[in-house]
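Subject: Structure for you to look at

Hello,

Here is the structure I said I would pass on. My notes follow below it.

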Amino acid sequence: MGHAIAIALYLHLLGVAVWVGGMIFAHFCLRPALEDLSPQLRLPLIESVFGRFFNWVGAAVIVILLSGGFLLMQFGGERATWQLHAMAGLGVLMMLIFGHIRFAVFPRIRRAVQAQKWPDGARAVGTVRRLVVINLVLGLVTIGFAVLARGF
Ligand code: HEM
């Protein structure tokens with residue numbers, strides 16, 4: 001395996017670790033721990049945490065896309081299996097869902113926190129939660145396709 005391919009695969013997996021690991025932490029550790037806090041405390045905290053996490057995911061998405069595109073050029077064309085295309089397709093779908101979370105739903109949380117409209121904020125956080133669950137499941141399935149692409 002050439003150096004460039006090894007580096008691309010390393011960066012690809014690093015991006016996946018940050019994104020999927022972060023979603024597991026947010027959903028299974030952070031969310032239940034904040035459940036009993038009042039909205040006045042919980043929503044500004046969530047806004048602050050999401051703002052930082054989404055920057056990391058944004059960077060991870062760029063790295064995954066560039067490294068994945070590069071890897072696809074190496075393994076693509078004739079040799080690309082349907083599992084590889086499934087990973088790329090699901091990966092793009094996950095990125096679109098993330099884009100919706102970041103640029104459509106998250107600003108609603110920001111505005112609600114600034115205006116102290118807690119019910120609006122709680123509703124938007126509920127939407128993020130559902131979309132993150134979808135992306136988490138897609139992420140786990142995508143990793144499965146990536147492994148199957150090896151030809152087991
Ligand atoms: C934009 C989308 C993506 C493209 C174009 C893409 C493309 C690729 C390619 C070409 C490989 C190399 C396969 C090989 O070594 O035979 C790869 C590896 C891998 N990708 Fe992706 N990928 C994308 C998104 C994702 C996402 C979102 C995940 C996980 C959530 C993911 C998980 C993996 C894993 C775990 C591997 C390592 C597989 C292995 O070496 O056995 N990829 N990807």
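In which helix is the place of I24? I24 sits in helix α1.

This is a predicted model, where local features need pLDDT of at least 70, side-chain atom pairs count only at pLDDT 80 or more, and totals for chains, interfaces and linings use all residues. Numbering starts from 1 along each chain as its sequence is written, and side-chain values use heavy atoms, with hydrogens and water left out.

The protein has 4 helices and 0 strands, in the order α-α-α-α from the N terminus. Helices (H or I, at least four residues) and strands (E, at least two) are DSSP runs, numbered from the N terminus. The C-alpha atoms fill a box of roughly 55 × 25 × 20 Å along the principal axes.

Of the 152 residues, 39% count as buried. Buried means under 20% relative accessible area, exposed over 50%, and partly exposed in between (1.4 Å probe, protein chains only). I24 counts as partly exposed because its relative accessibility is 36%.

Residues 24 or more positions apart make up 85% of the contacts with a separation of 6 or more; a contact means heavy atoms within 4.5 Å.

I24 also belongs to a nonpolar surface patch of about 620 Å², together with F28, L140, I143, V147 and F152. The elements giving two or more residues to this patch are α1 (3–34) and α4 (118–148), and α4 gives the most, with 3 residues. Such patches take residues with over 30% relative accessible area and no salt bridge, with nonpolar side chains (Val, Leu, Ile, Met, Phe, Trp, Tyr) joined within 5 Å and like charges within 9 Å. A salt bridge is a side-chain nitrogen of Lys or Arg within 4 Å of a carboxyl oxygen of Asp or Glu. Areas come from the Shrake-Rupley method with a 1.4 Å probe, and for residues only the protein chains shown count as cover.

Regards
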